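Here is a short report on one protein chain. Please look through the model first, then read on.

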Amino acid sequence: MRAERARTWTRAALLAVSMLCAVSAAAEAPLTLALRDVELGEVMAMLSQQERVNILLGKDVGGRVSFNLYDVSVDEAVRSIAGAAGYAVEKEGATYFIVQRAEAGKYSPDSLTRVASFTVQYAEPAALEVALKPYLSTYGKLTVLPDRQLLVVEDTPEFVERIGHLVAEMDRRPRQILIEARILEITLTDEEAYGLDWKKLFSSDGGEGSFGTTGLATPPDSGREGFFFDLTNPNVEVALDALKARGRVRTLSTPKLLALENQEASVIVGDRRGYQVTTTINQVTTESIEFLESGVILRVTPTVDANGGVMMSVHPEVSTGSVDTNGIPSQVTTEVTTRLLVPSDRTVFIGGLIKHAVTQTRRGVPVLGDAPGVGLLFANRRQTQTNTETVVLITPRIVDSYDDAWNSQYVDHTRQFEDTADAGAQRLDSQVERYFPGASPPTGSATTQH
């Protein structure tokens with residue numbers, strides 16, 4: 001009896017809804033529907049008959065629904081009711097297909113989902129795949145073609161558009177930063193054993209900037225750091241020129257690097273010494289060769305912010321390394337690792353990297369100074385202590401890869417050097433030919449050594 005009353009109530013509800021739909025259709029007004037615990041197939045059959053639309057239900061589509069809809073179109077009603085029941089709706093022409101979500105796209109691929117492809121120019125397709133998958137809908141599918149640098153996305157139009165915006169942002173052309181650096185070594189006097197007092201240069205004549213320390217000419221027992229960095233001003237350049245004129249400045253390296261943002265760029269002027277490494281894991285021993293890098297090394301990772309500033313992770317290093325007869329490497333290094341934010345075309349100064357070196361010299365009378373026993377009477381040894389300070393000046397500059405103006409000065413300098421070298425070689429050849437006729441090989445010929 002209870003089941004019969006439920007069916008009777010359902011028929012009455014459907015009849016009432018049919019009358020509402022008929023009145024709505026006659027007045028060409030939106031639909032207003034309210035039903036409780038009704039079979040999905042019966043609801044769709046009623047809508048199909050009253051609104052004269054084609055609605056087809058797929059296999060295993062069913063269940064009971066309850067809903068309240070006010071002032072909606074037929075299309076909105078069909079999609080809302082089917083979505084509430086957990087099914088997908090596809091439309092081809094004037095026909096609606098209500099199918100399982102897993103079956104979406106098999107009846108009408110152009111109605112529910114859309115396929116789009118995106119060419120990846122700068123980012124890694126595999127990395128984009130991992131980043132984009134969480135932003136797909138339940139219908140979405142993402143395929144990567146790494147050989148073609150291509151992403152193929154199948155999803156609803158709204159989600160495909162969303163993925164397109166994300167790809168455009170993630171795959172934007174990276175900017176390039178030209179990094180010019182100077183690594184200098186300054187010889188210190190006995191009064192400057194703890195480094196030059198750079199604070200005076202920054203604070204005098206309107207110098208600008210803040211410091212990681214209050215002065216590097218303070219003894220180390222004060223607890224202050226051994227380096228600082230800041231933006232340079234003309235006073236620093238004048239001081240370096242004056243020290244250079246006195247022979248106290250030695251240029252270790254002047255590298256120029258063109259780096260992509262968020263990518264590390266490095267330059268190494270030195271050597272690599274190989275040594276053998278033995279590793280034992282679970283009683284399995286393996287041997288490999290690793291290399292000890294030493295010399296003048298500069299590693300920089302730049303990032304450009306929205307205001308045109310350059311954030312840099314900087315690691316300058318001046319080191320010497322060796323490998324003893326037992327294959328154990330050792331290294332003496334002066335280095336610093338820091339992060340700093342610099343406006344484009346401004347120079348950053350890193351100083352206070354103090355290095356103490358002790359050298360021994362031996363002087364004596366020839367022959368007698370090397371004689372056993374009495375040689376000490378005719379020779380002496382002397383220790384010399386040398387203090388040096390390493391300073392680094394780094395200037396980042398944001399450049400446009402499609403604008404060759406930033407590179408023209410370097411190209412011109414290289415061409416001038418080549419022209420000067422060629423002119424010097426021609427003058428040397430003419431002098432050799434003048435004093436030693438026939439000694440110079442003919443132009444365009446090659447000499448072979450046996």
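Start with two terms: helices (H or I, at least four residues) and strands (E, at least two) are DSSP runs, numbered from the N terminus. Two strands pair if DSSP finds at least two bridges between them.

The model is predicted: local features need pLDDT of at least 70, side-chain atom pairs count only at pLDDT 80 or more, and totals for chains, interfaces and linings use all residues. Residues are numbered from 1 along each chain as its sequence is written, and side-chain values use heavy atoms, with hydrogens and water left out.

**The sheet**

Strands of a sheet pair through backbone hydrogen bonds, either parallel or antiparallel. Here three strands make an open sheet, in the order β2-β5-β4, with mixed pairing. β2 (54-57) and β4 (88-92) stand at the edges. Each has a single partner strand, so one side of each is left without a neighbour in the sheet. From one strand to the next, the twist averages 25 degrees.

Now follow β4. Five bridges join β4 to β5 (residues 95-99), and the two run antiparallel. Which residue of β5 stands opposite Ala88? Val99 does.

Contact here means heavy atoms within 4.5 Å. Axes are lines fitted to C-alpha atoms, for helices over the stretch in contact, and angles run from 0 to 180 degrees between N-to-C directions. Helix α2 (residues 40-51) lies across β2 and β5. α2 runs at about 160 degrees to β2. Helix α3 (residues 74-84) lies across β2, β4 and β5. α3 runs at about 145 degrees to β4.

**Salt bridges**

A salt bridge is a side-chain nitrogen of Lys or Arg within 4 Å of a carboxyl oxygen of Asp or Glu. How many salt bridges does this rule give? The count comes to eleven. The table lists some of them.

| Pair | N to O distance |
|---|---|
| Asp37 and Arg64 | 2.7 Å |
| Glu39 and Arg64 | 3.2 Å |
| Glu185 and Arg250 | 2.7 Å |

Take Asp37 and Arg64, which form a salt bridge. Asp37 lies in strand β1 (residues 31-39) and Arg64 in strand β3 (residues 64-72), so the pair ties together parts 27 residues apart in sequence. Glu39 and Arg64 also meet in a salt bridge. Glu39 lies in β1 and Arg64 in β3, so this pair ties together parts 25 residues apart in sequence. Asp37, Glu39 and Arg64 are linked in a network of salt bridges.

How accessible are these residues? Buried means under 20% relative accessible area, exposed over 50%, and partly exposed in between (1.4 Å probe, protein chains only). Asp37 is partly exposed at 41%. Arg64 is partly exposed at 44%. Glu39 is partly exposed at 28%.

Glu185 and Arg250 form another salt bridge. Glu185 is in strand β9 (residues 176-187) and Arg250 in strand β11 (residues 249-253), 65 residues apart. Is Glu185 buried or exposed? Glu185 counts as buried, at 11% relative accessibility. Arg250 counts as partly exposed, at 48%.

**A helix pair**

Helix α4 (residues 125-132) and helix α5 (residues 157-170) pack at an angle of about 135 degrees. Their axes are 11 Å apart. On the α4 side, the contact is made by Leu128, Ala131 and Leu132. On the α5 side, it is made by Ile163, Leu166, Val167 and Met170. Angles under 35 degrees count as roughly parallel, over 145 as roughly antiparallel, 65 to 115 as roughly perpendicular and the rest as oblique. α4 and α5 are therefore oblique to each other.
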